[in-house]
Protein chains: 6
Amino acid sequence: MKISARNKLQGKIIEVKKGATTAHVRLEIAPGQIITASITNEAVEELGLKLGAKASAVIKASDVMIAID
Amino acid sequence: MKISARNKLQGKIIEVKKGATTAHVRLEIAPGQIITASITNEAVEELGLKLGAKASAVIKASDVMIAID
Amino acid sequence: MKISARNKLQGKIIEVKKGATTAHVRLEIAPGQIITASITNEAVEELGLKLGAKASAVIKASDVMIAID
Amino acid sequence: MKISARNKLQGKIIEVKKGATTAHVRLEIAPGQIITASITNEAVEELGLKLGAKASAVIKASDVMIAID
Amino acid sequence: MKISARNKLQGKIIEVKKGATTAHVRLEIAPGQIITASITNEAVEELGLKLGAKASAVIKASDVMIAID
Amino acid sequence: MKISARNKLQGKIIEVKKGATTAHVRLEIAPGQIITASITNEAVEELGLKLGAKASAVIKASDVMIAID
């Protein structure tokens with residue numbers, strides 16, 4: 001599958017925390033650079049997301065903001 | 001300002017492409033790792049975004065998906 | 001690639017309209033049921049999206065609202 | 001009320017699952033075609049969403065991605 | 001139509017700026033408080049959005065971030 | 001920090017409700033005008049969000065829809 005989303009950042013899963021319906025998954029995409037995703041518990045199960053596994057963060061360009069100091 | 005968005009990735013602006021109302025801004029957040037943001041032209045002007053400047057990509061956790069191969 | 005997004009609706013591309021930076025792509029996912037996607041021109045080119053081709057609309061569950069009459 | 005969101009898919013509610021603050025609602029929009037929405041518990045109550053009721057999924061075009069095989 | 005989105009802010013349209021495919025619409029929701037929406041040109045036409053008309057900004061709770069100074 | 005998001009509405013926190021992973025925070029941005037944000041519990045803690053404190057709702061323009069009666 002190829003997707004239109006412009007951003008795919010490869011990393012390793014360092015945390016999976018399931019809530020009642022919503023889970024938080026953390027990926028390390030570079031040393032010390034962490035991405036947090038809020039997805040459904042169901043997706044965590046369907047994809048079999050586990051600590052230490054390789055995965056990518058996928059983000060649509062229209063969901064990215066830019067900030068400066 | 002501190003913001004609730006979980007993801008802030010620091011980088012350097014490598015492209016600013018303005019359209020009629022919407023601009024695409026690209027940040028290099030690590031060697032070879034590029035983030036594309038689709039924001040308003042107005043924001044590009046207000047923040048003075050320019051090639052080579054430091055900036056961060058800010059992304060709400062609920063806008064991040066996870067993919068596996 | 002498997003993605004956490006809960007919604008994947010298969011269809012056929014019935015319109016591709018490129019703007020200055022942003023394109024609108026329309027899929028027919030069932031007779032008379034049309035989905036409109038606003039994506040980057042770049043994604044249209046990279047995926048080679050063309051009239052009549054098969055494609056899917058992918059939507060994160062947290063981006064879906066529910067309405068009643 | 002008329003809304004700018006380009007996508008309104010009519011269907012029937014086939015599941016309502018409330019979590020601590022976030023609920024998942026599933027609509028069948030065509031035979032075998034299911035849409036999952038992640039909305040607040042509060043919205044489920046305010047709209048009185050129940051199994052078997054008619055409802056629509058509403059999605060902004062900028063939240064729709066396109067994928068190809 | 002009743003919608004699950006938690007945020008509906010009534011106001012008056014003070015600007016409509018169409019681009020190639022994407023339009024920016026500004027509402028004044030209280031004296032000096034302006035909301036900017038980025039929507040499709042098509043929605044602007046379909047809803048007949050015009051300067052001075054009453055309209056509401058509708059925002060899903062999961063798209064709202066919180067910031068502090 | 002300056003951010004590209006076009007919408008920053010200042011207000012006062014009138015409710016913080018934490019769920020298992022996701023919290024709902026309500027701001028009063030004008031007399032009787034309430035904004036609900038769905039953010040991570042973690043963000044609530046990191047920002048120290050509390051009843052009565054000043055805070056802003058931040059919303060990207062591409063996440064705002066327009067509705068008319």
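Which side chains meet in a salt bridge at 1.9 Å, N to O? They are C:Arg26 and E:Glu42, and they get their own view below. This is a predicted model, where local features need pLDDT of at least 70, side-chain atom pairs count only at pLDDT 80 or more, and totals for chains, interfaces and linings use all residues. Residues are numbered from 1 along each chain as its sequence is written, chains are lettered from A and ligands numbered from 1 in the order in which they are written, and side-chain values use heavy atoms, with hydrogens and water left out.

**View 1. A sheet built from strands of chains B, E and F.** Six strands line up here as an open sheet, in the order β1(B)-β6(E)-β5(F)-β2(F)-β3(F)-β4(F), and the pairing is antiparallel. The edges are β1 (2-3) of chain B and β4 (33-40) of chain F, each of which pairs on one side only. Strands are DSSP runs of E with at least two residues, helices are runs of H or I with at least four, and both are numbered from the N terminus. Two strands pair if DSSP finds at least two bridges between them. Strands of a sheet pair through backbone hydrogen bonds, either parallel or antiparallel.

**View 2. Strands β2 and β5 of chain F, side by side.** Look for β2 (residues 7-18) and β5 (residues 54-59), which run antiparallel and are joined by six bridges.

**View 3. A:Arg6 reaches C:Glu46 in a salt bridge.** A salt bridge means a side-chain nitrogen of Lys or Arg within 4 Å of a carboxyl oxygen of Asp or Glu. Here the closest N and O atoms are 2.9 Å apart. A:Arg6 sits in the loop between β1 (2-3) and β2 (7-18) of chain A, while C:Glu46 is in helix α1 (residues 41-47) of chain C, so the pair joins two chains. A:Arg6 is buried at 12% relative accessible area, and C:Glu46 is partly exposed at 41% (buried is under 20%, exposed over 50%, partly exposed in between, with a 1.4 Å probe and protein chains only).

**View 4. C:Arg26 and E:Glu42, the pair from the opening question.** C:Arg26 is buried, at 11%, whereas E:Glu42 is partly exposed, at 30%.
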